[in-house]
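Keep the viewer open as you read.

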Amino acid sequence: SSGINAEYGDDGDEHSPMNFDIFGEKFYSRLKELIRHGGILADQTFSPYSNNTLLAEQVNLFRFAADKICYGFVPVPSFPNGNIGILFGQVLKDGATSDDYSLLSIPCHRISAEQAKEMNLKCYYDKFHESCCTLPLSFGDWFYSL
């Protein structure tokens, strides 16, 4: 089937005004039309230690495109609170349910540390992907209740 396989957006920055006119309902609704069935979305967002009001607003907008959502965060020492949040989403079409696909927090392809080094991937391998989606209990409860 035709369509885009994946999208990555960088629309959350706690030190500049997030423009919900650009990355708003219309943007995400159109994105859902463009992404093929089973396609993956990822958006950089707020960390669990920053502005949860803006994060909740971004999650609600992200749901216009993604039928299935997962959240993770990674350490970035140069950021003011030391973390970047990531929203992962999957687009499901034709009446499919989220049970039809693997969890977003588990990598589809396993990459060993050796393979990551061979590919010169400085910031990624499968264990890091999986661990970034392990949320502090109180934050996970809050996030998945949105």
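A residue counts as buried when its relative accessible area is under 20%, as exposed when that area is over 50%, and as partly exposed in between. Take Tyr 28, which sits in helix H1: its relative accessibility is 0%, so Tyr 28 is buried. One thing to keep in mind as you look around is that this is a predicted model.

Now zoom out for the overall layout. The protein has five helices and four strands, and reading from the N terminus the order is β-α-β-α-β-β-α-α-α. Of the 146 residues in the protein, 40% are buried. If you take the contacts between residues at least 6 apart in sequence, 68% of them join residues at least 24 apart. Tyr 28 gives you a pair that is separated along the chain: Ala 66 is 38 residues away in sequence, while the two C-alpha atoms are 8.3 Å apart in space.

Next, the inside. In soluble globular proteins, nonpolar side chains tend to be buried together. Here the largest nonpolar core has 19 residues, and the members that touch the most others are Leu 41, Phe 62, Tyr 71, Leu 87 and Phe 143. Two or more residues of this core come from each of helix H1 (25–34), strand S2 (35–45), helix H2 (52–62), strand S3 (68–75) and helix H5 (137–144). The top contributor is H2, which gives four residues.

Two packed helices are described by the angle between their axes and the distance between the axes. For H2 and H5, the angle is about 40 degrees and the axes are 11 Å apart. The two helices are therefore oblique to each other, and their crossing is right-handed. Which residues in H2 meet residues in H5? On the H2 side they are Asn 52, Leu 55, Ala 56 and Val 59, and on the H5 side Phe 139, Trp 142 and Phe 143.

Leu 55 deserves a click of its own. This residue of helix H2 has a relative accessibility of 0%, so Leu 55 counts as buried. Leaving aside residues up to four places away in sequence, Leu 55 touches Thr 45, Phe 46, Tyr 71, Phe 139 and Trp 142.

Time to look at charges. How many salt bridges does the structure hold? There are two. In one of them, the side chains of Arg 30 and Glu 33 meet with an N to O distance of 2.8 Å. Both residues belong to helix H1 and are three residues apart, about one turn of the helix. Arg 30 has 45% relative accessibility, so it is partly exposed, whereas Glu 33, at 54%, is exposed.

The salt bridge between Asp 67 and Lys 32 has its closest N and O atoms 2.5 Å apart. Asp 67 is in the loop between H2 and S3 and Lys 32 is in helix H1, so this pair ties together parts that are 35 residues apart in sequence. Both partners are partly exposed: Asp 67 has a relative accessible area of 38%, and Lys 32 has one of 21%.

Phe 79 lies in the loop between S3 and strand S4 (83–90). Is Phe 79 buried or partly exposed? With a relative accessible area of 31%, Phe 79 is partly exposed. Not counting residues up to four places away in sequence, Phe 79 touches Gln 44 and Ile 84.

The other loop residue is Asn 120, found between helix H3 (113–118) and helix H4 (126–132). If you check the backbone torsions, Asn 120 has a positive phi of about 60 degrees, although it is not a glycine. Its relative accessibility is 53%, so Asn 120 counts as exposed.

Conventions
Residues are numbered from 1 along each chain as its sequence is written. This is a predicted model: local features need pLDDT of at least 70, side-chain atom pairs count only at pLDDT 80 or more; totals for chains, interfaces and linings use all residues. Side-chain values use heavy atoms; hydrogens and water are left out. A nonpolar core is a set of buried Ala, Val, Leu, Ile, Met, Phe, Trp, Tyr and Cys residues joined through side-chain atoms within 4.5 Å. Buried means under 20% relative accessible area, exposed over 50%, partly exposed in between (1.4 Å probe, protein chains only). A salt bridge is a side-chain nitrogen of Lys or Arg within 4 Å of a carboxyl oxygen of Asp or Glu. Axes are lines fitted to C-alpha atoms, for helices over the stretch in contact, and angles run from 0 to 180 degrees between N-to-C directions. Angles under 35 degrees count as roughly parallel, over 145 as roughly antiparallel, 65 to 115 as roughly perpendicular and the rest as oblique. A crossing is left-handed if the near helix is turned anticlockwise from the far one by less than a right angle, and right-handed if clockwise. Contact means heavy atoms within 4.5 Å.
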